[in-house]
Every structure is written in structure tokens, then in C-alpha cells.
Amino acid sequence: MVGVLVTCCVTLAGCNKGGSGNVTEASGASASSAPVASGVGASDTLAASGAQASGTLGTIVKTQLPGEAAETLRLIKAGGPFPFGEDGVLFRNSAGLLPQHPRGYYHAYTVRTPGATDRGLRRVVCGGPRKQTRDCYYTDNYYASFKRIAE
């Protein structure tokens, strides 16, 4: 399990430790894209990592979100200003965990993590026109799984 997470972290530009430098797109990669040990099935790896199978989205209502996520949604509606330069970058959904849409539909935003010295693992990903939050998703594990944010 630790090997899978370390491999995933290294693959995802060091888990954003120390900033992302030249990163202009959020990859949307998940633990399911990490190498799988011999004799271990992909579904075993997903279950062990807490990642979701494609097409299975949970739901979370706005009142259940951490306060920092509610603040991120407020900033999205206002059009910023956002606390990190990487906020609002294209999210490619390359792992296919979110509903399929044309490239450019999704954008990723940081959800502050109290006590973190970097951007942390929490994000809100919203689809559609900027400044709208009708099609948004929350992740607290750096894109390994998502919950659709319901009104």
C-alpha cells in the first residue's frame, strides 16, 4: 500500500510538495494508474487504496463539506481571487472518475488544509462555465476518488 501511494505521489509531481512549478494542468490521475504488484488484481488495489471504481460517485451535501471547501465554492462563484496560482487549472479527468465531457470542461481548485505547509490533498473540481458550481465534485485524497457536491 505504501509503495502504491509513494509511486502515485512521485508520478503526480511529488504530491505538490514545494509547489508545482511549471504544472499547468491537473492530471486527474488516481491510485488505479499506479503499477500493480504481481498477483494483485486492479480491483484489490482500488479497494486497498480507497479509490473508487469508474462510474461510482458518492454524494456529499454542501453542509457536510469542510468549511474550507465551502469557502472554495464561494471563491469559485465570485471568480476569485484564489489563494494559489494553480487554482482554476484544467482538470483532464484522465482516470475517467468523473462523468465524461469534452476537454476543457473541468477545472480544479485547492481546498485549504489547516496546518498543511503545502496545498494539501483536498480539491474541488467544477465543470461547465467559470463561476458556476452546479456540477462540482470534492476529493480529499488528491483525485483518487470523488463525491458529487449536491445542493
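Modeller: Asn93 is buried, with a relative accessible area of 7%; buried means under 20% relative accessible area, exposed over 50% and partly exposed in between, for a 1.4 Å probe and protein chains only. The model is predicted, so local features need pLDDT of at least 70 and side-chain atom pairs count only at pLDDT 80 or more, while totals for chains, interfaces and linings use all residues. Residues are numbered from 1 along each chain as its sequence is written, and side-chain values use heavy atoms, leaving out hydrogens and water.

Asn93 is in the loop between S3 and S4; helices (H or I, at least four residues) and strands (E, at least two) are DSSP runs numbered from the N terminus. Its phi is positive, about 55 degrees, although Asn93 is not a glycine. Tyr143, in the loop between S6 and strand S7 (147-150), likewise has a positive phi, of about 75 degrees, without being a glycine. Tyr143 is buried, at 2% relative accessible area. Most residues other than glycine have a negative phi, and most peptide bonds are trans. The peptide bond from Gly80 to Pro81 is cis, with omega near 5 degrees, and Pro81 lies in the loop between H3 and S3.

That loop also holds Asp87, which is buried at 10%. Setting aside residues up to four places away in sequence, Asp87 touches Phe82, Ala108, Tyr109, Thr110 and Arg119, contact meaning heavy atoms within 4.5 Å. Tyr109 in turn stands opposite Val124 in S5. S4 (residues 106-110) and S5 run antiparallel, joined by five bridges; two strands pair if DSSP finds at least two bridges between them.
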